[in-house]
Amino acid sequence: MKNIKYIIALMICIAVVSGCKKFLNVTPVDALSGNNFWKTRKDVEGYTNGIYTILRDKVGKTIFFPALEMRGNYVLTSGSIDASGNNVVNNLINNNLKSIVTASTTYDTRIKTIMNWKPWYDIISASNILYAEIDKVPDSELSGTEKKRFKAEAVFLRNLSYMFLCKLFGDAIYYTQAYNNVPLPRTAQVTVLTKCIADMSAVKNDLPTAYADAGAKGLRPTRGSAVALLMHLNMWASAWDEPNKNNYFREVLQLAEEMATYTNYRVLPITQENTKLIFKGHSDENLFGVLQDFNYGEIFEAFANYSFFFSYYPYRGTVTKTASFMSYDKDYITKLFPTGSPDERLSLWFENYNAANTSFQFKKFANVYSTGLGAALSVSSDDSAVIFRLPDALLLAAEAAAELNETDLAQGYVNQIRNAASAPLITSTGETLKKDIYNERCRELIGEGHFFFDLVRTGRATETEFSKAVISVGNFTNGAWTWPIIVPASESTANPFFVGNNFWN
């Protein structure tokens with residue numbers, strides 16, 4: 001990740017791939033992508049690490065995951081974020097994105113980074129090049145099996161990007177060719193998703209079940225990572241392809257069965273030690289994520305961490321930081337964690353959980369590093385960004401089983417998560433079971449960036465019971481669930497086929 005030569009080379013290549021003169025068009029650069037570059041294992045590793053740097057910047061230098069968790073959620077600004085922060089965050093919570101697009105305060109600008117889809121296409125373009133060029137490396141440097149593994153890793157990274165593009169914007173410009181030089185229109189998201197499912201399925205088994213290097217655990221894709229990605233792609237497709245939704249649910253259950261065969265993954269009991277282990281990113285629960293580690297110089301921007309908004313000393317800030325910027329609404333958090341109902345997550349992840357004021361403390365993200373001494377001592381988050389972990393996958397399987405009326409199977413999956421939290425088992429059936437599984441996702445994955453996507457995918461964004469800022473059915477159908485797309489005028493002009501999301505235009 002720190003090999004500057006290869007990162008610079010990749011970024012020059014990406015600049016050509018996605019330059020402002022031609023939107024998503026590519027001109028080959030022989031010095032970077034031809035035989036002069038693809039000679040050694042070090043070349044390949046350096047180039048691949050450069051792709052991860054783009055992904056890391058997307059989640060670690062922006063407000064990406066916190067914003068996905070806040071939008072439409074039952075949260076409130078209980079303290080003062082900064083001169084403009086409260087108003088902007090409240091606009092985000094209330095789905096008032098138009099005002100954010102037209103404003104230019106610090107937090108408007110930070111949230112607008114989510115609306116820029118170019119970094120996802122940077123990853124896609126670079127992954128397409130990796131896939132196309134890897135065979136040029138001499139066999140003396142990489143075996144055939146290793147080349148297949150790098151190709152599968154490229155496929156994983158581009159399909160991960162397409163997943164986020166669809167979840168954020170709906171229809172996407174889809175291509176897998178290296179050095180594409182043809183302007184392309186947006187493709188219907190169901191078509192994109194089905195292409196991604198086929199693409200990932202074809203090479204999934206070329207990924208390892210685990211890496212010999214312990215440092216890669218949870219941070220480089222395995223077959224388990226690919227299974228998790230495929231589960232998400234299928235569940236998102238099921239929301240928009242009503243006639244075929246049961247086929248997607250059945251596929252998710254088959255994938256869950258495959259996941260169970262990978263014995264290197266397991267759900268960890270909820271303890272303070274395990275919580276810290278999980279969100280460092282290397283635990284037996286972790287399927288894929290992005291590293292943050294102060295010891296290695298891998299540091300996110302403060303506002304990229306959820307704890308920046310919902311915690312105070314000793315989880316963030318100086319010793320004088322005794323109040324949180326934000327908290328959860330009392331009625332919502334007590335619905336998720338009813339008083340008197342045992343749940344280790346409640347006792348370990350929260351302090352003053354139902355206070356609905358600045359004394360609220362979110363302790364789920366407990367890894368920290370400190371700088372300074374004495375009165376100048378300051379604590380910052382040192383948790384990685386977890387994109388996929390096993391409980392998320394098991395709860396998707398529970399949801400799919402409930403939708404297919406396979407009650408015992410659904411209960412079995414969700415109760416693996418309940419057992420780990422020492423919480424009472426779920427015994428409900430029918431529509432109540434579906435609601436219970438949804439609420440379990442809200443509990444287990446709280447703060448991890450799944451909230452708004454789950455709200456949209458399940459159709460609950462239109463229901464007052466589940467969202468603080470309900471989207472009307474008409475507006476939802478017209479795309480109010482998406483994010484505006486911000487691209488430079490020169491790029492959109494260069495591609496005559498490009499159109500934004502009409503609801504926000």
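Guide: Start with a score called pLDDT: it is the predictor's confidence in each residue, on a scale from 0 to 100. You are looking at a predicted model. Its mean pLDDT is 92, and 93% of the residues reach 70 or more. Residues 14-23 fall below 50, and in the model this stretch has 32 contacts beyond near neighbours in sequence. Residues 25-33 also stay under 50, with 28 contacts beyond four places in sequence. Where pLDDT is low, the predicted coordinates should not be read in detail. Leave those contacts aside, then.

Now the close look. Our part is strand E9, residues 385-389. How many of the residues of E9 are buried? Five of its five are, so the strand is mostly covered. E9 has a partner, strand E2, which covers residues 286-290. The two strands pair in the antiparallel sense over four bridges. E2 is mostly covered too, with five of five residues buried.

Look across the pair. Phe-288 stands opposite Phe-388 in E9. Asn-286 stands opposite Arg-389 in E9. In a regular strand the side chains alternate between the two faces of the sheet. Keep that rule in mind as you turn the model.

Stay with Arg-389. Its relative accessibility is 2%. Buried means under 20%, so Arg-389 counts as buried. What does Arg-389 form with Glu-444? The two form a salt bridge, and their closest N and O atoms are 3.0 Å apart. This bridge links distant parts of the chain: Arg-389 belongs to E9, whereas Glu-444 belongs to helix H19, residues 430-444, and 55 residues separate them. Glu-444 also has 2% relative accessibility, so by that cut-off Glu-444 counts as buried.

Across the whole structure, a search finds 36 salt bridges.

Arg-220 and Glu-45 meet through their side chains, at 3.6 Å from N to O. This pair also links distant parts of the chain: Arg-220 is in the loop between H10 and H11, Glu-45 is in helix H3 (residues 41-60), and they are 175 residues apart. Are these two residues buried or partly exposed? Arg-220 is buried, at 14% relative accessibility. Glu-45 is partly exposed, at 24%. Next, Glu-242 and Lys-245: their side chains meet in a salt bridge of 3.0 Å, N to O. Lys-245 counts as partly exposed, at 25%.

Gly-215 is partly exposed, with a relative accessible area of 41%. Its C-alpha atom is separated by 9.7 Å from that of Gly-281, 66 residues away along the chain.

Next stop: Ser-324. This residue sits in the loop between strand E3 (317-318) and strand E4 (326-328). Ser-324 is buried, with a relative accessible area of 2%. Which backbone oxygens lie 3.1 Å from its side chain? One belongs to Met-326. Another belongs to Phe-360. Ser-324 also touches residues beyond four places away in sequence, among them Ser-78, Gly-79, Phe-309, Tyr-312 and Asn-357.

Finish with helix H9, residues 144-169. How long should a helix of 26 residues be? At 1.5 Å a residue, H9 should span 38 Å. That figure is 1.5 Å times one less than the number of residues. The end C-alpha atoms are 37 Å apart, which agrees. H9 is mostly covered, with 22 of its 26 residues buried. An α-helix has 3.6 residues a turn, so residues three or four places apart point the same way. After H9 comes Gly-170, whose phi is positive, near 85°.

Technical notes:
Residues numbered from 1 in each chain as written. Predicted model: local features only at pLDDT ≥ 70, side-chain atom pairs only at ≥ 80, totals over all residues. Heavy atoms only, no water. Buried < 20%, exposed > 50% of the residue type's maximum accessible area, 1.4 Å probe, protein only. Salt bridge = Lys/Arg side-chain N within 4 Å of Asp/Glu carboxyl O. Polar contact = N/O pair within 3.5 Å; in protein donor to acceptor, adjacent residues only side chain to side chain. Contact = heavy atoms within 4.5 Å. Pairing = 2+ DSSP bridges.
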